[in-house]
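This report goes through one structure topic by topic. Keep the sequence and the 3D view open while reading.

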Amino acid sequence: MTPPTPSAAAPLEVTDESVAKSPTPSTHKGSEGRSPGRLAWNRFKRDRTGVMSACIVGFFFVIAVAAPLIAKLYGKDPYTTYASQRPELLNPFAYPSGPNGGMSSEFWFGIEPQLGRDVFTFLLYAIRNSLGIALAATVLTVVVGVVIGTTAGYLGGKTDYLVGRVIDILLSFPSTLFFIAFMPVVFGLFVAPDEEIPTWLRATALIIVLSAFGWASIARLLRGQVLGLREREFVEAAKVTGASPGRIVFKELLPNLWTPIIIQTTLMLPAYVTAEAGLAFLGVGMIDPTPDWGVMIARGASFYTEDLTFMLFPGLSMVIFVLAFNLLGDSVRDALDPKSKR
Amino acid sequence: MSSTTPLLDVSGLTKHFPIKGGFPIRRTVGAVQAVDGLDFQVAEGESLGLVGESGCGKSTTGRLITRLLEPTGGRIAYRGEDITHAGRKQLAPIRSEIQMIFQDPYASLNPRQTVGKIISGPMEINDIHPAGGREARVRELLEIVGLNPEHYNRFPHEFSGGQRQRIGVARALALEPKLIVADEPVSALDVSIQAQVVNLLQKVQRDLGIAFVFIAHDLAVVRHFSQRVAVMYLGRIVEIADRDDLYGNPRHPYTRALLSAVPEATVQDEGVQGRERIRLVGDVPSPINPPSGCRFRTRCWKATEKCATEAPPLVQVEGNKPGHLTACHYPETTDVPATVPAPRLAKDPEAAA
Ligand SMILES: Nc1ncnc2c1ncn2[C@@H]1O[C@H](COP(=O)(O)OP(=O)(O)O)[C@@H](O)[C@H]1O
Ligand code: SF4
Ligand SMILES: [Mg+2]
């Protein structure tokens, strides 16, 4: 039917050079097979940029998880306005009285202008909250995208057509504009206009709205992959032995889709981090006093001419994180799919 | 089972793939007549070769028998039981008895599963617990197909094409089938390896008494493997006979043409005098719009008015042994070595095929 060339649908096949040249298994000892995942891992380990980015990204996640612990050891919290008890911390213009934004052995990253909160713990919790929201949105997006994409691709026909049109509409939507215009509407659905919007509701609404627009791209990608994969003979082989559609999707197709799923996920998370910060900056995401990267940057922007230090910490940390994560994404893609390397 | 009921009984089997087209409303504008009324039987333990040029509907036939495709018409009976339109659940008890070996050893194994998982998958699906455990059974199967049982945890990409095809054979054997449809199992392999895999299949067929439908695109491969051979052209069987009858006394012009493409050495020892090479000219007509009457007539050097109007039935023509059926109005005879007018047929100057 087809010449025995690995199709693009499963880019993870014979890609280890040594194996490609001598496919006889007797060329290496031991009975343990070298799984495609193991080969990718070996490739990844050789990629210095990738390993370094992974360390940086890992560092951020450790900080995020350990934020309460670190804050406890450090002895401060992000909500207390330290300047109200100790007015000497701020000068008469409500800017930190010490140099460099009030950085000292007591307030490592300085003091926030006006309210006098501790910048270090505020940043810790900001990273924690922002990463938490972005991660939740990514997970939800990927799950929804994978389920809808693979189902549409495998079932084909009318389901596929319908899903395809929905995806087209979503992808052609100006989603940023939608967020700004409709986030207040979404909040309004749950809370009366005069009531305070609880923080958990803001976070949940953000996650849902981000995912609602994000799943389309990954679903479309996976749908295309499944369309290619389901014609392959190993799927027919599974059918001949009596496999159920569920087994075919989850045991035969899904393992072949990890590559695009992982690649998409690593691209999506930093995008969500910036999107979430952007929404907070614009005032439609998380709001003060919830510690959040976007909230912090927004506040920093309002007095960066007088106190650059306060802007610097959230700004730099975010740039470093997003950059590292994007580099990591590239390395992951190169490791999983070496053919895409130029 | 009674000996009169063949293992597999196919009658009038038809598969037309609809062609969708039209704008703005998509509708069926035609059909690819991939398989158009096949009749054949496969007895228990017998090997039937199914031969024809690429695109004549062999794979479609194989997929219809294994119920990967839904027939448009006709009937498929397994041990007398009608399975033509059986669903997945209905088919479950029979599923394990009809297995398939695929053409492309690179596409037919899931690249993300170990060999052990690939071969034990069918047992898992059908909830089979062999004595001694599934892993032991997989190792045994690997041994049977000539692979190292220690390669249980290897992935397909670590094997060569021939070895992969052996894995495919092991998977097909995992359910202890009674019938295996092998769709050109060696045509994607190096010539040097083809013989090994054919020998393996032959051993499997003899030792385990499994019936085969062995699909191939030339008569050479099938020759040593199949007791009966069916020749297909454009979705129809043009000739079906026991091996020796078919190779020794081909009655259909198309069979003759195919046979003449088989290298001399293998043909002559069959007692057939060195026949001249017949090279078919022209392309296979499209199965969307096949020729009227005899489908071979556009390339047949003996075609007449009758061939265009009347489809020749697949019958035992005069001079055929019982069980030798030919669909031709003017069957060939051995003693007249090709009465050939020039335009339709060219003599091939090079003897080497
Ligand atoms: N899924 C399909 N949809 C439409 N046409 C098909 C499909 N599968 C096969 N065909 C057509 O049916 C004919 C027979 O194909 P096939 O059975 O694969 O031939 P063979 O295996 O003998 O080479 C070809 O013309 C092919 O284009
Ligand atoms: S029926 Fe006519 S056209 Fe067909 S094979 Fe026989 S002689 Fe040729
Ligand atoms: Mg074929």
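Over all chains, the structure holds 24 aromatic pairs. The model is predicted. One of the pairs joins A:Y74 and A:W108, whose ring centres are 4.8 Å apart; the planes stand at 65°, so the pair is edge-to-face. This pair links distant parts of the chain: A:Y74 belongs to helix α3 (residues 48–74) of chain A, while A:W108 sits in the loop between α5 (99–102) and α6 (119–155) of chain A, and the two are 34 residues apart. How does the exposure of the two partners compare with the cut-offs? A:Y74 has a relative accessibility of 12% and counts as buried, because buried means under 20%. A:W108, at 44% relative accessibility, counts as partly exposed.

A:F173 and A:F178 form an aromatic pair that is also edge-to-face, with 5.7 Å from centre to centre and 75° between the planes. A:F173 counts as partly exposed, at 36% relative accessibility. Aromatic residues also gather in a group: A:F59, A:F60, A:F61, A:W293, A:F321 and A:F325 make up one aromatic cluster.

**A nonpolar patch on chain A**

Which residues form a nonpolar patch on the surface? They are A:I56, A:Y304, A:L308, A:L312, A:L316 and A:I320, and together they have about 530 Å² of accessible area. Helix α14 (residues 308–336) of chain A gives the largest share of the patch, four residues. A:Y304 lies in the loop between α13 (293–302) and α14 of chain A. With a relative accessible area of 45%, A:Y304 is partly exposed.

**Salt bridges**

The structure holds 31 salt bridges over all chains. Three of them are set out below.

| Salt bridge | Closest N to O | Relative accessible area of each partner |
| B:R256 and B:E332 | 3.3 Å | B:R256 6%, B:E332 3% |

B:R137 lies in helix α4 (residues 134–144) of chain B and B:E176 in the loop between α5 (161–173) and β7 (179–183) of chain B, so the pair ties together parts that are 39 residues apart in sequence.

B:R256 forms a salt bridge with B:E332. This pair, too, links distant parts of the chain: B:R256 is in helix α9 (residues 253–260) of chain B, B:E332 is in the loop between β12 (325–326) and β13 (345–347) of chain B, and 76 residues separate them. B:R256 is buried, and B:E332 counts as buried.

Salt bridges can also join up. In chain A, a network of them links A:E112, A:R117, A:D288 and A:R299.

**The surroundings of ligand 1**

Which residues are around ligand 1? They are B:F17, B:V32, B:A34, B:E53, B:S54, B:G55, B:C56, B:G57, B:K58, B:S59, B:T60 and B:P287. A polar backbone atom of B:G55 is 2.6 Å from an oxygen atom of ligand 1. For B:S59, a polar side-chain atom lies 2.6 Å from an oxygen atom of ligand 1. For B:T60, a polar side-chain atom lies 2.5 Å from an oxygen atom of ligand 1. Ligand 1 exposes 560 Å² when taken alone, and the protein buries 63% of that.

**A loop residue in chain B**

B:I25 is found in the loop between β1 (8–21) and β2 (27–42) of chain B. At 61% relative accessibility, B:I25 counts as exposed. B:I25 and B:R277 are 252 residues apart along the chain, and their C-alpha atoms are separated by 50 Å.

Notes:
Residues numbered from 1 in each chain as written. Chains lettered and ligands numbered in written order. Predicted model: local features only at pLDDT ≥ 70, side-chain atom pairs only at ≥ 80, totals over all residues. Heavy atoms only, no water. Patch = residues over 30% accessible without salt bridge, like charges linked within 9 Å, V, L, I, M, F, W, Y side chains within 5 Å. Areas by Shrake-Rupley, 256 points an atom, 1.4 Å probe, with all protein chains shown as cover. Salt bridge = Lys/Arg side-chain N within 4 Å of Asp/Glu carboxyl O. Buried < 20%, exposed > 50% of the residue type's maximum accessible area, 1.4 Å probe, protein only. Near = heavy atom within 4 Å. Polar contact = N/O pair within 3.5 Å; in protein donor to acceptor, adjacent residues only side chain to side chain. Phe/Tyr/Trp six-rings, centres within 6.5 Å; stacked < 30°, edge-to-face > 60°.
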